Amino acid sequence: IALGISTYDPLATAELHQRFPLAMIQAPASALDQRYLEAAESMAATEATLRSIFLQGLLLLEPTEAARRLPQGRSAIEAWSQWCADHALDKLDGAVSIARSFDADYCVIGVESAAQFDRIAEAWSSASPRHAPELAVDTLTIIDPRTWPGKV
């Protein structure tokens with residue numbers, strides 16, 4: 001049996017990988033949470049599954065609604081919205097294109113309907129990977145949903 005881990009902290013997982021033979025990891029990664037990139041360097045042979053590429057749906061909301069739900073993330077959300085506009089991408093396509101740049105093996109997404117899955121799958125198959133290190137945020141109260149007040 002191979003050992004794997006699902007984590008909220010990709011960097012801590014990279015440290016665990018040095019001590020244990022992890023065969024796979026599942027980690028959050030999004031336009032704002034790019035910690036996976038740094039962790040992936042030390043786990044190149046480990047199978048990786050990304051999750052939360054839409055940051056619990058926050059990245060898909062209009063900026064005013066997203067900022068209302070997560071006030072401490074207002075400037076990061078505004079930068080994200082501006083990045084999408086500058087690249088002529090809607091938010092879904094932008095989030096998927098950044099996730100594709102993380103070069104993981106799999107991506108787990110949450111959907112509410114078959115039509116929503118179809119739209120995401122279409123975006124995934126047509127997206128060109130785009131790097132956007134300027135969007136990365138290190139503030140856990142923005143990128144870690146466990147720290148968010150109430151339900152977003």
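Q: What radius of gyration does the chain have, against that of a compact globule with 152 residues?
A: This is a predicted model, where local features need pLDDT of at least 70, side-chain atom pairs count only at pLDDT 80 or more, and totals for chains, interfaces and linings use all residues. Residues are numbered from 1 along each chain as its sequence is written, and side-chain values use heavy atoms, without hydrogens and water. The radius is taken over C-alpha atoms, and the globule rule is 2.2 Å times the number of residues to the power 0.38. A compact globule with 152 residues would come near 15 Å, and the chain agrees, because its own value is 15 Å.

Q: Is Pro-28 buried or exposed?
A: Pro-28 lies in strand β2, residues 22-28. Buried means under 20% relative accessible area, exposed over 50%, and partly exposed in between, with a 1.4 Å probe and protein chains only. Pro-28 has 8% relative accessibility, so Pro-28 counts as buried.

Q: Which residues does Pro-28 contact, leaving aside its neighbours within four places in sequence?
A: Contact means heavy atoms within 4.5 Å. With those neighbours set aside, the partners of Pro-28 are Thr-7, Tyr-8, Pro-10, Asp-33, Arg-35, Tyr-36, Arg-51 and Ser-52.

Terms used:
Helices (H or I, at least four residues) and strands (E, at least two) are DSSP runs, numbered from the N terminus.
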